[in-house]
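What follows is a walk through one structure, taken from the fold of one chain to the side-chain pairs of the other. Keep the view open while reading.

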Amino acid sequence: MSRKITIDPVTRLEGHGKIDIFLDDQGEVERAYFQVPEFRGFEKFCEGRAAEEMPTLTQKICGVCPTAHHLASTKALDSLYQVEPPPAARKLRELMYNAFMFEDHLLHFYFLGGPDFVIGPEAPKEQRNILGVIGKVGVEIGKKVISIRKRVRDINATISGSSLYPVCGLPGGLSKGITAEQRKKIAEIAREALEFAKFTLQVFADIVLKNKSYVDLIVGDVYYHKTYYMGLVDEHNKVNFYDGKIRIVDPEGKEFRKFSAPEYLSFLEERVEPWTYTRFLYLKEIGWKGFIDGKESGIYRVAPLARLNVSDGMATPQAQAEYEKLFNVLGGKPAHNTLAYHWARLVEVVYAAERMIELANDEEVAGAHMRNRPQNPPQEGIGVIEAPRGTLIHHYQTDENGILQKVNLLVATQNNAAAICMSVEKAARSFIHQGVVSEGILNMVEMAFRAYDPCFACATHSLPGEMPLVVQIYDKENKLIRHLQRD
Amino acid sequence: MAKTLIIGLGNSVRHDDAVGIIAVRKLRERLNNSVFEIQEVSETGLHLLSLMEDYDRVIIIDSFATAGYAPGYIHRYDFQQLMSMSQPYASHQLNLPTMLRMAQLLHMNIPKTIVIYGLEIERNDAFGEGLSLKVNQALPHFLTVIEKEVSECA
């Protein structure tokens with residue numbers, strides 16, 4: 001008798017998700033589905049509104065990455081009104097953005113993805129959380145995490161006008177600048193952030209890399225997919241979160257395409273499947289071949305490991321050293337090891353801190369000229385940014401008064417959605433045999449997608465929202481025969 | 001005088017999910033602002049925790065989407081009830097009891113009194129403005145109940 005196991009919703013990821021695993025008569029995995037109860041209609045909701053509302057409105061899509069949406073939207077407005085921000089505003093935007101990336105990535109390591117390694121993938125669930133992490137690394141370190149996060153968020157509050165939802169982005173620049181004193185203060189916090197980033201990488205090295213079973217898990221076959229990769233690079237093909245060209249490399253690491261954001265429709269296409277609301281992105285020229293990896297499949301990946309894979313290096317020295325270390329251990333570039341996303345994320349934390357220092361040390365960021373006023377009539381605007389969870393594109397079309405006629409958003413997790421499905425299915429097939437599904441096994445399946453830090457555009461806050469993990473087993477007639485719940 | 005913070009939690013463009021935000025906007029007009037601080041918040045987890053630091057009392061107003069209660073039903077949980085639940089409070093990052101336990105572990109200065117008020121809602125599955133009819137009808141009584149509790153303790 002075949003049966004269906006549902007993990008719904010998945011715990012400890014940003015937003016809500018559900019996994020259905022179908023077992024065959026022998027208790028082996030027949031198929032696994034990763035589904036997202038996506039909330040539709042945001043793009044339609046925006047149409048008919050003034051385009052300049054978008055930087056603040058699009059933040060409402062998601063309570064997790066408001067700064068990414070704010071700046072992708074602001075850049076789309078630059079493009080819409082054909083106006084470039086002055087150098088000072090551009091740098092200040094990038095500084096604010098690196099502060100956001102630092103905080104978001106750090107939170108993921110200590111609170112969301114880290115517990116699987118710091119505490120152990122098969123440890124009791126009561127311990128696999130931030131409380132367990134603090135128990136392992138100590139109260140003082142816990143205090144430091146809270147403190148540095150708060151101080152880095154203060155950088156964002158100083159620049160963006162709000163500690164959470166930026167209100168500073170305007171077409172052609174920013175609504176205000178910072179003072180020389182504020183610049184110095186930001187530089188001081190950024191230096192502290194770098195020290196803590198290095199400390200965190202040391203924690204990762206001590207706890208994960210010195211543990212052979214963890215390293216085996218990272219480099220092993222279960223969490224491994226040979227795919228294309230995509231991310232933003234600067235003019236030297238180095239990682240850049242704020243701006244640059246979109247670069248795609250093939251599974252051998254060879255450059256496949258490199259293009260500007262406005263050309264995205266020539267390279268990326270969406271695929272709809274009947275069992276989910278998610279629109280899966282894939283490479284148009286390669287085509288959709290189903291949920292398979294390899295050079296013949298158009299599935300690609302984004303976010304930290306992908307960004308490192310598509311680049312020729314990091315633009316800052318200490319991040320570059322960590323980048324080299326990562327690829328040395330993983331056996332060269334590109335690295336196809338899904339769990340290495342956690343490591344790549346920490347390399348990016350170092351980069352974000354170093355880049356904050358560079359920008360805060362530049363006196364120009366405290367300049368007075370923060371905006372070039374738009375002079376041209378609006379038409380069409382496309383903005384791109386590297387969100388923590390991958391490449392994010394905002395595309396607006398307006399009438400001559402700047403009223404939105406059409407909105408298209410390609411959100412970060414959409415790029416990774418097909419790969420996440422493959423990763424979940426592969427982990428399920430590897431760990432579930434003869435119908436044995438323990439709590440530890442389920443967590444090992446969850447780890448396959450937690451590495452991506454997926455976010456599902458779910459900004460509801462209603463209680464109870466995230467429910468305990470539910471496992472439901474159905475027979476062939478879809479009759480519920482077993483119900484398990486993690487309380 | 002004890003410092004009280006009233007937090008309206010929700011997403012202002014997702015129909016009934018906005019009820020916490022709408023509630024605090026109305027309370028701002030009705031309550032003495034020199035006694036209470038009021039904030040509209042759309043993020044939970046660490047951000048919510050950091051907002052609560054250094055207050056004596058925090059009232060959180062949120063939307064509830066549970067099975068088994070009719071739209072308009074009023075939920076109320078105090079700190080003790082909250083801490084005794086395994087995972088009663090949702091967030092996109094971490095649930096509130098875990099956050100509060102972490103705060104205790106790290107000796108953070110969290111409020112002695114935390115109360116969560118929730119109004120059972122009908123829809124939050126699409127983007128849009130405006131509350132559903134039943135939630136809108138329940139709102140005045142919901143506000144009266146909250147106003148009574150916060151004023152009595154002020």
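This is a predicted model: local features need pLDDT of at least 70, side-chain atom pairs count only at pLDDT 80 or more; totals for chains, interfaces and linings use all residues.

Two strands count as paired if DSSP finds at least two bridges between them. Five bridges connect strand 1 (residues 4-9) of chain B with strand 3 (residues 57-64) of chain B, and the two run parallel.

Helix 1 (residues 19-30) of chain B packs on the sheet, where it touches strand 1, strand 2, strand 3 and strand 5 (113-120) of chain B. The direction of helix 1 makes about 150° with that of strand 2 of chain B. Helix 2 (residues 45-52) of chain B also packs on the sheet, touching strand 1, strand 2, strand 3 and strand 5 of chain B. For helix 2 the angle is about 155°, taken against the direction of strand 1 of chain B.

The sheet as a whole is open and has five strands in the order 2-1-3-5-4 (chain B), with mixed pairing. Strand 2 (36-41) and strand 4 (74-78) of chain B are at the edges; each has a single partner strand, so one side of each lacks a neighbour in the sheet. From one strand to the next, the twist averages 20°.

Chain B contains five helices and five strands. Read from the N terminus, its elements follow the order β-α-β-α-β-β-α-α-β-α. The radius of gyration of chain B is 15 Å, close to the 15 Å that the globule rule gives for 154 residues, so chain B is as compact as a globular protein of that length. Along the principal axes, its C-alpha atoms fill a box of roughly 45 × 35 × 25 Å. Of the 154 residues of chain B, 60% count as buried. Among contacts in chain B with a separation of 6 or more, 77% come from residues 24 or more positions apart.

The walk now moves to chain A. A:Thr338 sits in the loop between helix 11 (317-330) and helix 12 (340-360) of chain A. Is A:Thr338 buried or exposed? Its relative accessibility is 0%, and residues under 20% count as buried, so A:Thr338 is buried. Its side chain makes a polar contact of 2.9 Å with that of A:Arg301. Beyond its neighbours within four places in sequence, A:Thr338 has contacts that include A:Tyr223, A:Tyr224, A:Ser423 and A:Tyr452.

Salt bridges come next. Over all chains, the whole structure has 46 of them. One joins the side chains of A:Arg31 and A:Glu425, at 2.5 Å from N to O. This pair links distant parts of the chain, with A:Arg31 in strand 3 (residues 29-35) and A:Glu425 in helix 13 (residues 412-431) of chain A, 394 residues apart. A:Arg31 is partly exposed, with a relative accessible area of 23%, whereas A:Glu425 is buried, with 14%.

Another salt bridge, at 2.7 Å from N to O, joins the side chains of A:Arg307 and A:Glu386. A:Arg307 lies in helix 10 (residues 304-310) of chain A and A:Glu386 in strand 12 (residues 380-387) of chain A, so the pair ties together parts that are 79 residues apart in sequence. Both A:Arg307 and A:Glu386 are buried. Finally, a network of salt bridges links A:Lys75, A:Arg90, A:Glu94, A:Asp243, A:Arg355 and A:Glu358.

Terms used:
Residues are numbered from 1 along each chain as its sequence is written. Chains are lettered from A and ligands numbered from 1 in the order in which they are written. Side-chain values use heavy atoms; hydrogens and water are left out. Helices (H or I, at least four residues) and strands (E, at least two) are DSSP runs, numbered from the N terminus. Axes are lines fitted to C-alpha atoms, for helices over the stretch in contact, and angles run from 0 to 180 degrees between N-to-C directions. Contact means heavy atoms within 4.5 Å. Buried means under 20% relative accessible area, exposed over 50%, partly exposed in between (1.4 Å probe, protein chains only). A polar contact is a pair of N or O atoms within 3.5 Å; within protein, one must be able to donate a hydrogen and the other to accept it, and residues adjacent in sequence count only if both atoms are side-chain atoms. A salt bridge is a side-chain nitrogen of Lys or Arg within 4 Å of a carboxyl oxygen of Asp or Glu. The radius of gyration is taken over C-alpha atoms; the globule rule is 2.2 Å times the number of residues to the power 0.38.
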